[in-house]
Amino acid sequence: MRIALLYPAITMDGFAQNGMRPRTGWIHHGLCYISSSLKKEGFAVSLIDLRQLFGWGELPDIIKKVDPDVVGITIMSLDFDAAAAAAKIVKETDKSIKVIAGGIHATVMGSELMNNTNIDYVFKGEAEITLPKALGGIQTGEIKEKIIIGAQPDLDTIPFVDRTLFSILEAPVSPFLKMPFITATAGRGCRYNCNFCQPAERTLFGPKVRRMSVERFMEELTLTKNRIGLNSLMIHDDCLVEDVNWVERFLSLYSRKGFKKPFVCQARADIIVKNPGLFKDMKKCGLAMLLIGFESGNQRVLNLLRKGTTVEQNYRAAMICKRLGIRIFANFMLGIPSETNREAMDTVKMIKRIKPYMPSPTFYTPTPGSELFEYCMKHGLSLITEHENYKRNPTAPKIKGVDYQFLRKALQEVTTIPYSVKLYRKIDRLKLGRFNKNFMKSYKF
Ligand code: SF4
């Protein structure tokens, strides 16, 4: 049986342009894991990556060429419209093809897909175990229920992520990192309870965080290093550093196995403040940048978000990173429900004081599957009419009652990069030189 996995991520990246198909971009780990599980069971798997198309006009020919029995589409909320358009084209091209929609949006907002006649099945949860078993019944139509619930896999026993599915090089999360840049995931889920995010994570991955053993993670990393090389690494887990024992074991194996290249990961301010020694060890082993969810510089707002951190921890975490020479990628939001302009300015002040290497502002966006999304819907606050507006950018208005004109002005203060950061970045650029450009030129795709 032939399965085409369809990646509809054109909301952020768009279709290919200027006669060039993109050679860089990120791979989708969910699809790559599904691919390896399907291949292990003998299915023929191919990828339709909409980012590689010049427009919708190409899709029917690709579908005819791939000739799949089943198309599986992963959907993030912001890509819903693209996914629905793709499903329609699949059915128009060959209505015998069965279409399955999965991913976070299908899991938390399955009701939006139930009446879509171009989608035969809505897959909720994780697919590695359940999808290969269900495909027979899906193809013949023997499975009558439109909703299929995926069982949770043991991350130590499913096959390694199939990095060959995407024919692109991964683009470094920050330009100072050298290619080949590799993204990896060690676990799924998050034990924290921020209301702008949860319970979506728990709905998709279950109430407990699952993480593969460090040994297995390193085995895959070693294989990848041998196959495509590794000059920098990003561990994608939502909150890798919450598991101090895992991180300590990782550091030990990373060094012992001769890995010296820089890596980046996400962290929370409270964890950094409580474990400065851990971050010192991480820095010694190659930690080059932390992506930190500071979110707000105002305590009432942090409490409202149920972030579980304090403003003081935000400042102290930044100080620790600065002292250790760890670059800061600062995630923060403005325009949170009930936030006043003065409270928003507390965040602006915080970011100006922290002087992150990379400030990453967003206007608060009600994200489907989260508690705060439900609140916004219940109180008629959401201004989002198209799914593509779920992208978390600091440009379009997202909710009622927010003075976006004020916020845009305030944002200018944080997006003006201070001289010290400019200098830091310039030194990084000089060190990198033309390395990535030359690497891209010489790489055989
Ligand atoms: S925002 Fe981050 S820390 Fe909070 S629940 Fe979501 S993934 Fe976890």
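This is a predicted model: local features need pLDDT of at least 70, side-chain atom pairs count only at pLDDT 80 or more; totals for chains, interfaces and linings use all residues.
Residues are numbered from 1 along each chain as its sequence is written, and side-chain values use heavy atoms, with hydrogens and water left out.

**View A. Domain 1 and domain 2 side by side.** Domain 1 covers 2-149 and domain 2 covers 181-436; these bounds come from an automatic or database domain assignment. Over C-alpha atoms, the centres of the two domains are 28 Å apart. Contact joins 19 residues of domain 1 to 21 residues of domain 2, contact meaning heavy atoms within 4.5 Å. About 1700 Å² is buried between domain 1 and domain 2, with carbon and sulfur atoms giving 61%; buried area is the accessible area (1.4 Å probe) that two parts lose on being put together, summed over both. On the domain 1 side, Trp-26, His-29 and Glu-126 lose the most area to domain 2, together 31% of what that side buries.

**View B. A closer look at the interface.** Between domain 1 and domain 2 the rule finds 3 salt bridges, each a side-chain nitrogen of Lys or Arg within 4 Å of a carboxyl oxygen of Asp or Glu. On the domain 1 side that touches domain 2, the elements giving two or more residues are α1 (10-13), α2 (29-40), α4 (80-93) and α5 (104-108). Helices (H or I, at least four residues) and strands (E, at least two) are DSSP runs, numbered from the N terminus. The largest share of this side, 4 residues, comes from α5. By class, the side holds 9 nonpolar, 6 polar and 4 charged residues; Ala, Val, Leu, Ile, Met, Phe, Trp, Tyr, Cys and Pro count as nonpolar, Asp, Glu, Lys and Arg as charged, and the others, Gly among them, as polar.

**View C. Two salt bridges to find.** Glu-128 and Arg-188 meet through their side chains in a salt bridge of 2.6 Å, N to O. Another salt bridge pairs the side chains of Lys-88 and Glu-92 at 3.0 Å, N to O. Lys-88 and Glu-92 are separated by about one helical turn because they are 4 residues apart in helix α4. The structure holds 26 salt bridges.

View D. Pro-199 sits in the loop between β8 (187-188) and α8 (200-205).

**View E. Leu-47 and its neighbours.** Leu-47 is part of strand β2 (residues 44-49). Not counting residues up to four places away in sequence, Leu-47 touches Leu-5, Tyr-7, Leu-31, Leu-165 and Phe-166.

**View F. Backbone details in two loops.** From Met-179 to Pro-180 the peptide bond is cis, with omega near -5°. Pro-180 lies in the loop between β6 (147-149) and β7 (181-184). Arg-306 has a positive phi of about 55° although it is not a glycine, and Arg-306 is found in the loop between α13 (299-304) and α14 (311-324).
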